[in-house]
Amino acid sequence: MKDFNYYAPTEVVFGKQSEEQVAMLTKKYGGTKVLVHYGGSSAKRSGLLDKICGLLGEGGIDYVTLGGVVPNPRLSKVNEGIALCRNEKVDFILAVGGGSVIDSAKAIAYGTCFDGDVWDIYLGKATPTTMLPVASVLTIPAAGSEMSEASVITNEDGDVKLGYSNDMSRPKFAIMNPERTFTLPPYQTAAGVTDMMMHTMERYFTKDDDMTLTSQLAEAVLRTMKDCVFAVLKDPNDYRNRAQIMWGGSVAHNGLTGCGVSDDWATHQLEHELSGMFDVTHGAGLAAIWPSWARYVLHENLSRFVRFAVNVMDVPNDFTDPEGTALKGIEAMECFYHAIGMPTNIRELIGRDITDDEIKEMVRKCSRDNTITCGCLKVLHADDMEAIYRMARG
């Protein structure tokens with residue numbers, strides 16, 4: 001078991017009509033001039049955006065709005081937001097949406113207070129010392145950004161997708177009303193559950209086997225998400241199971257399931273190059289990569305994959321053949337992905353064969369021209385990354 005610090009300062013306001021508290025919470029955390037940041041037409045069409053803006057106005061809080069955030073949020077929108085916040089003297093950013101909107105809000109919050117190019121923060125060339133406070137009204141449970149320290153931004157110049165983590169970016173509050181997720185399309189629901197499960201699995205697949213409670217918490221999250229997704233795909237208005245999924249997305253990425261263990265994140269790093277190059281849905285990209293990664297690193301901790309197969313995927317434990325049990329667990333996960341409409345390889349993901357040149361370009365970006373590695377369970381060098389991409393071709 002590793003020593004650890006656990007820090008999760010976000011105030012969670014969960015339940016029906018929870019958005020009614022938005023003005024009170026914004027004032028509580030010092031907001032007087034707010035940027036309301038959102039994505040596409042759904043926030044307007046549902047009436048949520050107008051409601052949030054109306055509540056802020058009734059509470060005497062001035063605000064400006066900026067929409068247009070897309071999946072795999074773009075640096076150009078971040079720079080637009082930075083300019084707006086500076087011109088309007090914004091002191092608080094409220095993200096109304098899912099992970100992409102929250103990540104974009106975090107980047108804007110960094111950049112508004114940073115004397116330089118915000119992209120340098122994501123490149124690792126600069127470290128911010130302050131930022132605007134951020135909060136969220138969550139509408140798409142998936143990324144867990146509403147409680148996490150992480151954000152991921154795509155630079156259209158070169159299709160480069162990079163993440164940055166800093167505890168000061170953890171949102172001040174997260175408003176979560178499961179009813180706001182009833183209208184999510186099935187594909188988006190499934191991709192979101194895939195993402196939140198992967199946030200847990202990136203921490204679960206580790207060489208640190210002696211943190212029993214953390215492992216059991218992780219398994220509980222994975223089993224719950226796996227079960228609940230089928231219920232909401234059948235009945236989108238199933239409040240009970242929508243609520244489990246919404247809370248599960250936060251628990252999966254607020255650090256709780258990583259206490260005392262080493263994180264891996266190789267699947268995420270490999271997927272970032274997929275979504276950067278092909279602009280695919282992040283959760284679907286994770287599903288396309290993970291089975292190949294799992295088979296490639298299986299023997300780094302075979303017993304952990306056996307435990308996953310038995311405790312999460314309900315595979316009978318063949319004590320005479322641990323490798324067989326582990327492989328059946330990976331196969332069961334592939335069956336689960338297909339059952340909820342997710343791909344299990346790159347061909348299924350993008351609808352065609354990926355080329356050798358595209359693989360080499362993804363490896364080049366993921367390894368930063370062979371200068372960095374990724375992963376912890378097995379440290380992946382450029383040749384390992386290429387091998388996994390080739391296994392994942394389909």
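Trainee: Why does Arg-364 count as partly exposed?

Mentor: In this predicted model, the relative accessibility of Arg-364 is 36%. Buried means under 20% and exposed means over 50%. The value for Arg-364 falls in between, so the residue counts as partly exposed.

Trainee: What makes the link between Glu-361 and Arg-364 a salt bridge?

Mentor: The closest N and O atoms of Glu-361 and Arg-364 are 2.8 Å apart. A salt bridge requires a side-chain nitrogen of Lys or Arg within 4 Å of a carboxyl oxygen of Asp or Glu. The pair meets that limit, so the term applies. Glu-361 itself is partly exposed, because its relative accessible area is 28%.

Trainee: How are Glu-361 and Arg-364 placed relative to each other in helix H15?

Mentor: The two residues are 3 residues apart in H15, which means that about one helical turn separates them.

Trainee: What makes the pair of Asp-356 and Arg-393 a salt bridge?

Mentor: Their side chains meet at 3.0 Å, N to O, and the limit is 4 Å. The pair therefore qualifies.

Trainee: How do you know that this pair links distant parts of the chain?

Mentor: Asp-356 belongs to helix H15 (residues 356–366), whereas Arg-393 lies in the segment after helix H16 (382–391), and the two are 37 residues apart. As for accessibility, Asp-356 has 38% and is partly exposed. Arg-393, at 24%, is partly exposed as well.

Trainee: Which residues are linked with Asp-356 and Arg-393 in a network of salt bridges?

Mentor: Lys-360, Glu-386 and Arg-390 are linked with Asp-356 and Arg-393 in that network. Across the whole structure, a search finds 25 salt bridges.

Trainee: Is Glu-358 buried or exposed?

Mentor: Glu-358 has a relative accessibility of 17%. That is under 20%, so Glu-358 counts as buried. Its side chain meets that of Arg-352 in a salt bridge of 2.7 Å, N to O. Arg-352, at 35%, is partly exposed.

Trainee: What counts as being in contact with Arg-347, and which residues qualify?

Mentor: Contact means heavy atoms within 4.5 Å. Leaving aside neighbours within four places in sequence, the residues in contact with Arg-347 are Arg-352, Asp-353, Arg-393 and Gly-394. Arg-347 lies in helix H14 (residues 346–350). Its relative accessibility of 37% makes Arg-347 partly exposed.

Trainee: Why is Arg-170 called buried?

Mentor: The relative accessible area of Arg-170 is 9%. The cut-off is under 20%, so Arg-170 is buried. Arg-170 lies in the loop between strand E7 (160–165) and strand E8 (173–176). Leaving aside neighbours within four places in sequence, its contacts include Pro-9, Thr-10, Ser-148, Glu-149 and Asn-254.

Trainee: Which backbone oxygen does the side chain of Arg-170 reach at 3.0 Å?

Mentor: That is the backbone oxygen of Met-147.

Trainee: What makes helix H5 largely enclosed by the rest of the structure?

Mentor: Of the 14 residues of H5, 13 are buried, so the helix is largely enclosed. H5 covers residues 99–112 and reaches 20 Å from its first C-alpha to its last, close to the 20 Å expected at 1.5 Å a residue.

Trainee: Why is H10 described as mostly covered?

Mentor: In H10, 11 of the 13 residues are buried. Among them are Ala-266, His-268, Leu-270, Leu-274 and Phe-278. The helix spans residues 266–278 and reaches 19 Å, close to the expected 18 Å. Just after H10, Asp-279 takes a positive phi of about 55 degrees.

Trainee: How many cavities of 30 Å³ or more does the structure hold?

Mentor: The structure holds 1 such cavity. About 50 Å³ of space lies in the largest cavity. A volume of about 50 Å³ is over the 30 Å³ cut-off.

Trainee: Which elements give two or more residues to the lining of the largest cavity?

Mentor: They are helix H7 (186–204) and helix H9 (239–253). H7 gives the most, with 3 residues. The lining residues include Ile-140, Gln-188, Val-193, Arg-242 and Ile-245.

Notes:
Residues numbered from 1 in each chain as written. Predicted model: local features only at pLDDT ≥ 70, side-chain atom pairs only at ≥ 80, totals over all residues. Heavy atoms only, no water. Helix = DSSP H or I, 4+ residues; strand = E, 2+ residues; numbered from the N terminus. Buried < 20%, exposed > 50% of the residue type's maximum accessible area, 1.4 Å probe, protein only. Polar contact = N/O pair within 3.5 Å; in protein donor to acceptor, adjacent residues only side chain to side chain. Expected span 1.5 Å × (residues − 1). 1 Å grid on protein atoms, 1.4 Å probe; cavity = no way out; pocket = protein on both sides within 12 Å on 5 of 7 lines; lining within 4 Å. Points joined across faces, edges and corners; volume = space filled by probe spheres on them.
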